Structure formats: C-alpha cells, structure tokens
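User: I would like a close look at how two of the chains in this model are related and meet, followed by what holds the parts together within the chains. Please take it step by step.

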Protein chains: 4
Amino acid sequence: MKIGMIGLGRMGGNMVKRLVLGGHEVVAYDRNPEPVKELQEENDVQGASSIPELVNFLEPRRVVWMMVPAGDPTEQTLETLLSLLSPGDIIIDGGNSNFRDSMRRAKLCRAQQIEFIDAGTSGGIWGLANGYCLMVGGENDAVHYCEPVFKTLAPENGYLHTGPVGSGHFVKMVHNGIEYGLLQAYGEGFEILKESQFPLDLPAIAALWNHGSVVRSWLLELLEQAYAQNPDLKNIRGYIEDSGEGRWTVEEAINENVPAPVITASLFARFASRQEESYGAKVIAALRNAFGGHPVKTE
Amino acid sequence: MKIGMIGLGRMGGNMVKRLVLGGHEVVAYDRNPEPVKELQEENDVQGASSIPELVNFLEPRRVVWMMVPAGDPTEQTLETLLSLLSPGDIIIDGGNSNFRDSMRRAKLCRAQQIEFIDAGTSGGIWGLANGYCLMVGGENDAVHYCEPVFKTLAPENGYLHTGPVGSGHFVKMVHNGIEYGLLQAYGEGFEILKESQFPLDLPAIAALWNHGSVVRSWLLELLEQAYAQNPDLKNIRGYIEDSGEGRWTVEEAINENVPAPVITASLFARFASRQEESYGAKVIAALRNAFGGHPVKTE
Amino acid sequence: MKIGMIGLGRMGGNMVKRLVLGGHEVVAYDRNPEPVKELQEENDVQGASSIPELVNFLEPRRVVWMMVPAGDPTEQTLETLLSLLSPGDIIIDGGNSNFRDSMRRAKLCRAQQIEFIDAGTSGGIWGLANGYCLMVGGENDAVHYCEPVFKTLAPENGYLHTGPVGSGHFVKMVHNGIEYGLLQAYGEGFEILKESQFPLDLPAIAALWNHGSVVRSWLLELLEQAYAQNPDLKNIRGYIEDSGEGRWTVEEAINENVPAPVITASLFARFASRQEESYGAKVIAALRNAFGGHPVKTE
Amino acid sequence: MKIGMIGLGRMGGNMVKRLVLGGHEVVAYDRNPEPVKELQEENDVQGASSIPELVNFLEPRRVVWMMVPAGDPTEQTLETLLSLLSPGDIIIDGGNSNFRDSMRRAKLCRAQQIEFIDAGTSGGIWGLANGYCLMVGGENDAVHYCEPVFKTLAPENGYLHTGPVGSGHFVKMVHNGIEYGLLQAYGEGFEILKESQFPLDLPAIAALWNHGSVVRSWLLELLEQAYAQNPDLKNIRGYIEDSGEGRWTVEEAINENVPAPVITASLFARFASRQEESYGAKVIAALRNAFGGHPVKTE
C-alpha cells in the first residue's frame, strides 16, 4: 500500500527501506533534507519537501506514519497533519510517546473523524534486517486497514493488535521498563565479575552464556558482540541516558499500586550515573561527621 | 572416557544420558536405587550400589562427578570420596556449591594429591536436549583431562575454563544472580501489564516480544510456552523459593563494594513472596496509628 | 484574629481547639454536624451549618482554612468558596494536597483577586498539645496577614514561610516522603531483631534507644509507647495504607532526576503489604518451574 | 569500681572521662602514648604503658574494657589479655565487632574461665555529655558485676542487658543498620528539596522540622546544627564511608529471610558515592549503543 513517513532518523529511515523492500510505496519527509534525498536516490522513495507536500502525494484514505521524537515534535507534527488530512485518514504514531498523550491525541483526531493508531516499535537499529516488533493500539477497522504495513515492518509473528488506542504505547512502555531491568541485571552481574578476586575474562563469559545458559538473550548476544569489538569497553563512559519510558513505567506501577523495585532501581541507577556527586550523600557525610566525628572528604 | 556420576536427580540423571549419547562410559550412583536401575536398564549405564562400588568400577586416573545438593550432601560425598580415591584422581563438583566452599574443598583434596574441579552447570531440565552451559574452575591439567566430558555435556562453545578453582562456581553464582534480576524484571513488567486499564492479552504479548523486540530471551520463550499451557497461571502460587546463589551474589557484591540494587531487590521480592505478613509492616502500621490516628487493620 | 475552619476531622477539630486556646475567634463547619455541635458547646466556637453561613459569619478580609481530604473534597470546597468570597479574602489549604494542584488552584483564586495559601501541616493527633509544624507557601502579604494564626497553631519556631504558592505543600510532601523512609528503616530493623537467633525484648530495645542512641527520634518515642501498650502488636495487621504524598515524592524525584531508592522502597513495601499475592511472583514461579523443574506451590 | 580501658580514641577517651566523673578508678592504655599522658595529667587517670602493665595495675576480679577498632586490633588485644588475665576476670568489648566474632571470642574466654561481655555502644562524640546508649550481651553474673560502669556511661534508662553473649553487638548492629536508613531518608529528602523548582532554604527547613513535625529526631537536630555552621555544605564531598555494621545487617537480614530494601539501598548508596564510575553503567551504555544506536559518552 501507499504510506507517508515523517521522520527519517535512526528508526524511520530504516523503516522506509524495509517498507520499500516489502513492496510498499512510501512518501518520505524529514525536517532535514539529507535523508530525504538519500532515500529518494538510493531506495526509489518519493521525497516530500514539506508535510503538506507529503499529504498531497497521498490519496485518501491516507495513512501517515509519524516517527519523530516524543513530546513537542510529535505534538506539532500531529497538529499539522490534523490541519491537512480528511475524515477517514489514519495517523500512526510509531514513536515512544506516553500512552496518555496518545489517548488524548486520539480524541483530537476522532473529533475530525481521523483515526489514530499508536504503534509501539521495538528493534532499534537491527529492525531493518530483523524486523520491528510492533505493539499496536487502535480501532479494529483502522488497524486492519494498515495491517499490510505492520506485517512488512514486523518479523513473522512480530506484530500484535494489543487493544484500544493507548494500549500499544502502554505495552511498549512496559517493554522498555523490562528492558531497563534486564540491562541493569546484566550490568550488575558483570560489575561483580569484574571486581572479583578471580582474573575473569568477561568477553569470554558473555559469549559462553549465550550457549545453553539460563540467562541467554538477544541483549546478551549484543553484549558478546560489543565485547568482541571492545573487550575493555574503552572510551565508553558509564553514563546512561533515558528517554522517558522507564520513568513512565514507574509512574504507572505507582498508579496501579504495583511494587516495581527492579525497574525503579534501574531507573535510579541511570540517574546516579549522570550525577557528578549526590547532594544527599553530602548531607549524610555532614551528619556522620556531626554525630560520630567521622572525617569528611573535602573537595 | 569413563566417569562416575554421583547424584541422579533432575540434573544428574539427564547428564548421564547426554554423556552416554556422547559415547562416554558412565558409572552411576544415587542414594535412591530407582534412578540407578532405570539408567542401567534403559541407557546401558553401569549402576553402582554404593560410592565405594562406584569408585571400584573406575580405574585410575578416576574422574568422579558429584551432582548432589550443595551443603551437607556435597560435603559428605566429598569426604567419602577422599577416603576412597588415589592421588591423581579428579573430583568434579557440578552442583550449586558456594565458591568459598569449593576453594576450601580443593585444599582438602590437594592435601591428598587429588584434583578438585568446580563446574558451574546451567541449563536446567533443558540441558539434555540443548546441552549444559559449563563454567569450569580448576588446574589446567585436570581441566584439560576432563575436557571430553565437558565438551559432550555442553553445546558448542558452551564450555569455558574460567580460571582457578572457585572461579567456576563464582561465575555460576553471578549467572544465577543475573537470572534473579531478569526474572524479576519480567515479573514486574507482566504485573504492570496485568493491572493496567487495558484488557491486555498477556500470553499474546509474551509471544509477541519473542519476535524482534529488545527483551527477547530464552526465559521469555519459556514464559511464552508456560502461558500457552496455562494462560491464567492457574494453580501457581506467587511463592518463590531460592537456592542460595542469589544470597551469595548479594554478599559478594557487598564484599566487593559493588552496588547491586536489582539483584538484591529480586532476592527480597522472593523473601516477601514467602511471608504471610511482614512484622516490619506491623511496626509501621502501629506507628502510623500512633502519630496520625490512622486506623489499623485488625487480624 | 477571626478565621473560618472547614473540616473538623482528626486534624481540623484539634486545630480549632488550639486556635481558640490561643485567643482566636473561630467559625467552624463540617459536613457532619456532630463535631460542629461539640466544638460549639465545649469550646465556645461559632458553628456554621453550611459554607455560605460560615462565609457570612466572617467579615472581609476573610480568612478560611480548608482542612478536608485532598482531591475532590478540597476541589469542591474551593469552588464553593470561590463563589462566595470577595477580592482580598484568603483561602488556606492545610490538607495534604498535591503542590501542583495548589499552584493551579492559586491561579483560579488569583483570577478573582482572592489569595491562596498552601499550608503543609504536620503533627498528627499530637498537634493539639505540641503544636503543628507548618510549611507555608504563598504571597508575602497574605502570609504575613495570617501569621497570628500560624504562630498559634505552631510550636515556637515551628512555622516557616517556605516561598511562593506550592512550596508549602511541596515541602510537606517531601517531609512525608522522608517519614516513609524513617518508618521503613525502623520497620526493617525491628523485623531483623524479631527474627534473630536471640530472644530479644523489642519493647525494651525501643525504649532503650530513646536514651542516648543515634537513632532516637519522636517516631521512636511513639514506638516505645505503642510497645508499652501492646508489646506483641496484637491485633495490628501488617497492612499499610498510603495517602499520596509518598507517591508524589517519588514522582517529583523522577522529575528532578534524583535517585530516591529508600523513599521508593518504602512506598513499594506499603504496596506489597496490601497484596494478597504478587502476580509477578506467580510469573517467576511459573518460569522457575519451566526452566529448572522447580516445584510450584499450588493454591 | 576499678576498670581498665584499652583504646583512647574518639570514643574511648571520652568514656574514660565520663567514668572518672562518675567516681570510678580507671587505668588507661593506648598504643599511642599521647592520649594516655593527657588523661593522666588532666583527668587523674592511672596511665599504663602496656597492656601487661594495665593488667598489673588491676586486681582480680579484673574488668578490662576494649575500645579498639573491630577486626584485627580487637582480636589481638583479646589474645594479649587472655594470656594475662585470671579466671573470673571480665573482658568487655565496647567496639563495633561483628556479633559472630563476639560469640566466638566468648568461647575462647570461657575456655579460660574468663567472662566476655559485648557492649554495643552508641552516642558518638556526644556521649561524654549525653551518655552512651549501651546494649550489653553476656552472662547475668558478669553483667551484674559491671553494672556500676554501665550505669555511669549510659544516661538514665540508656543501658540494657539484651541477652546472652553476642546479643549486645547484634542489637548495636541493627541499630546502625537503622541509622543508615534514617540518614539516607533525610539525604534523599533534602536532595529532592534542593533540586526542586522552588528556591528553598534548606537550613531553615531542617530547623523548622525539629519543631512539631513527624520527622523530628536527634539526627535532624544535628543536621540543623550542621547547616547552621555551613549552609551550603561547602567543602564536604558526597563521599560516605561505612564501617561494617550496615553490611552485616544486610547479611543477617538475608540469613533471616527478611526483606530489608531500605537498609540495603542505604548501603548501596554509600558504595555508589565512592565510585568514580560504575562498570555496570559502562556495560549498559555499551548495550544501549549496540541495540539502539544511542550515543555513548566517551572519556
């Protein structure tokens, strides 16, 4: 089918390629003209120089996939689209938006009889080759209409209609929350190995565990590869960003009265990794000095 | 090669079968004569009715694999073996012993010129088919001598000589610590899904994520299968045992000054799953009543 | 000065008494006529049978203190007051409202030239005797105008103008977050004492520690008293409610990128205390059975 | 009564002074002759230049209080004393020894009919003025014999015979575990205050909360004082040592199957405060780069 793709970053660009390989016709747009040009030249994609042009190049019932950062960029893209699309058209948000935003946006769309689909998308830079795991929330009719696209993007069995609008981003959010926990579990384990009394070969252990152990996983395969290229993790600082889904997972756990100590500890480990120094630790150091005369380290 | 196997439980019995399939000659013993008889009749294994008989059936340089519970059973089996074996013989502990015990036991063995190998063994009930991931600590010579056995038990690339005595069980311990964290991450995620405002199909999501998502893993494949058989997890209580490695991982993290919040939270979640009621919570309920007049629930 | 008090529960009723003792004139109202009648008869308070009547009994520049549950009750009371008060009048929210709600409500008030003050109030049922610790956010002028009331309610040095509107409830929120952590620290400690190999006298230890130890505190004094009355904490279930501030503290910590593992663990311990069984634990039990053949407890 | 004191550091020196003020006769020894000389000159204490001399200066039934660092120094002092003392004499360990060591040492003493008492001592540098909270484990007879000393050192009601040998240090250990949790709760709270959107006056809030709030405590009084002297905590690094009791509390919680998330998180926060960088965080940064192309910070 024919589809418009807005946002050609690390994810969007590869998704366009996978769609084209799957026989779909794609109209592509990005604020930055570079990737548009590249896809046009190398992948036989129809480039658009603006969102109105992209909309113009599509015919009703139009399907537009937004693959832009969550927050303001998604909000603004949606607003622009709402001013251009017609009843019956479909907007898909494939980014990492908060599911509550998606529910709100779906209402805005519905007011104009435009369909909104939230398509949580996992797979990272490996999605082009392996396919993207898709968690799709939305009305039956719209989701069904877009299925050819979902089936091309996803590997076999890698696409699920999770339920009503919002559920796709909700499931993707929890997916990322779990991911935080898995990463932190491996991180702690390898740090314990590294600090041990034994002179262990961490790259060899990462590789070993992928063969028959209980902890084998795709992430561990990636770690095996990362260690193969860089056994000492040279030039990699222990500084971990987060893009929001972990925070939201904790907030939803709290809303649901669900204890989520591991996902939360993983989030806090990221915060700590970005702190030069904890003010709380200064308070404690001051207090230990005050009650026990324990020396403080001065700056 | 020829090898003695002591302990024919969930792990040991299958390991004997895999060894026989791999062309090794196995003498097998268990306190319980049932599994000995079975292996004898169905797998062409030489059964022994006692440890002395098992030792007798082997010729020096004897290799004996202990696959018995950690703690007293392993200690007693080792003592018995030490009274029967000759210099040059090799004892392998494939169980989940604490690596500090293994280091101590290796010294006892060395005093009699007997070699001790600690072979951390992962793979569970799937090892017969898939192979066991082996983390092996010990002297080069002894480990090299037993390699044919390790290579048969393990899948390809699933065996590693991790370093000196103790390192095998140390690496296996950390492996299990990571496993705790992975399990808890999935557990929290699926609980958040379950308690959500959306009517989600958890078995379908577990299956979906195994196709192209970042959190795909062997454990998640097992969860997919478990859900396929029992979508509501009926008759499964939220009661989680632990067999020691998680505790030891936390203790070693503490010894090494390594923060391990996720592995520790996973351990504590198991403790909590086994408590009818927390005494600490009673204290807090009493205190909240005392300062704020907040009502307490009475028993 | 003259002040209206809406909400005569555990907190509000005692605050009225303290205000009267301090020489203020109080008009009191509650949905429930009982406490109004009581205060009228025993404490020489002017009772009102409705909010309009209460407003009527005051003269501009009116000061009305709301001491009702956070959320809908506060919202509705505020709306009612806004329909009755005049420019220059002052509304004080002494309840446990979320500071973001207070900031929003202050805007609503400002649109009518009515002042809004958020007065975080700590002290529980002991406040009548000891005074209430007050954390007050709002405009200088309004806060200054109400100071006689704050000074009466608070013990000496127990009142602070914390800053602009919202800051009072923010500081109170963090106060309660800290309280969660303190309570959980004591709870864990006394549980470790209780489960120890020694036959310890917990009530005696709670009392002891209030004399010269580093952990002495008002909460520990309350625990000493609670134990004195009920050494076995009989009829107190380990079931801990929470009223919101702990959740918000965690959410704000996340907003600020501040790791708050202790406050969060304290919140999750409360959630866990209220769960019959954790679904996440069921998932883990199912998985352990799947990979290791570990038995599950059936229901 | 007459007592020997070995170890005249931050704690021991002040304890000697308090004992002398209480009318006891003290023989004092330290490896470092300086504090011996000082106490001799200023406090009318009998100085000893060696442990044998100290023992010589006492008459049976001798009582010797060890106030030296836990671990080797305590072990060696005990060994020296065992070679010098006579049946019936009493050794008191007032330091922060692990209770398991104390139980072992008590056995060594018992073999020579010497009594061993473990006296957990809290109060820090404030003990001279306020008294030391004493948690005393040991045989009834010996504890009773030393009571005059305990009663002088402790404030009123600040001394408790907690039970058999080991229980004193056990209770002190848990006391310190709780202390970790209290400190971390305050630390987190003040960090959340500091990072807030409001320009809060932290020293004023610390002071405020000591007047009527639920979180008032001795530690908070010390924080009030620390802030009064150093409102910006200048020259205090967020680097927190630990002296062992927190680790042991976590280990004993694990031994007892008690979840102790807050005490453990407090311990891990100290570890993290001392790490330049977490290796686990490097692993996670490498992995995020591998699966998502997320940029890493280079060193």
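What percentage of the interface residues of chain D are also interface residues in chain B?

Analyst: This is a predicted model, and everything below is computed from it. Of the interface residues of chain D, 100% are also interface residues in chain B, so the two copies meet through the same surface. The superposition can be set beside this: chain D is brought onto chain B by a rotation of 180 degrees, with 0.0 Å of shift along the axis and an RMSD of 0.0 Å. The two copies are thus related as by a two-fold rotation axis. Within chain D, the residue that comes closest to that rotation axis is Glu251(D), whose C-alpha lies at 3.3 Å from it.

Turning to the salt bridges, the count over all chains comes to 48. One of them joins the side chains of Glu25(B) and Lys2(B), with an N to O distance of 3.8 Å. Glu25(B) belongs to strand 2 (residues 25–29) of chain B and Lys2(B) to strand 1 (residues 2–6) of chain B, so this pair ties together parts that are 23 residues apart in sequence. Glu25(B) is partly exposed, at 48% relative accessibility, and Lys2(B) is also partly exposed, with a relative accessible area of 21%.

In chain D, Arg61(D) forms a salt bridge with Asp141(D), and here the closest N and O atoms are 2.9 Å apart. Since Arg61(D) sits in the loop between helix 3 (51–57) and strand 4 (63–66) of chain D, while Asp141(D) sits in helix 7 (residues 140–153) of chain D, the pair ties together parts that are 80 residues apart in sequence. Both partners count as partly exposed, Arg61(D) at 24% relative accessibility and Asp141(D) at 46%.

A further salt bridge in chain D pairs Asp242(D) with Arg247(D), the closest N and O atoms being 2.7 Å apart. Asp242(D) is buried, with a relative accessible area of 12%, and Arg247(D), at 16% relative accessibility, counts as buried as well. In chain B, by way of shared partners, salt bridges join Glu75(B), Asp93(B), Asp101(B), Arg104(B) and Arg105(B) into one network.

The arrangement inside a chain can be followed in chain A, where the domain assignment gives domain 1 (2–164) and domain 2 (172–282). The C-alpha centres of these two domains of chain A lie 30 Å apart, and their contact takes twelve residues from domain 1 of chain A and eleven residues from domain 2 of chain A. The area buried between the two domains of chain A is about 900 Å², and carbon and sulfur atoms give 58% of it. Asn96(A), Asn98(A) and Trp126(A) supply 47% of the area that domain 1 of chain A buries against domain 2 of chain A, more than any other three residues.

In chain A, the side chains of Glu252(A) and Arg100(A) meet in a salt bridge at 2.7 Å, N to O. Four residue pairs are in polar contact across the interface of domain 1 of chain A and domain 2 of chain A. On the side of domain 1 of chain A that touches domain 2 of chain A, the elements giving two or more residues are helix 5 (99–110) and strand 6 (115–122) of chain A. Strand 6 of chain A gives the most to that side, with three residues.

How values were computed. Residues numbered from 1 in each chain as written. Chains lettered and ligands numbered in written order. Predicted model: local features only at pLDDT ≥ 70, side-chain atom pairs only at ≥ 80, totals over all residues. Heavy atoms only, no water. Salt bridge = Lys/Arg side-chain N within 4 Å of Asp/Glu carboxyl O. Helix = DSSP H or I, 4+ residues; strand = E, 2+ residues; numbered from the N terminus. Buried < 20%, exposed > 50% of the residue type's maximum accessible area, 1.4 Å probe, protein only. Least-squares fit on C-alpha atoms with pLDDT ≥ 70 in both. Contact = heavy atoms within 4.5 Å. Domains from an automatic or database assignment. Buried area = accessible area lost by both parts, 1.4 Å probe. Polar contact = N/O pair within 3.5 Å; in protein donor to acceptor, adjacent residues only side chain to side chain.
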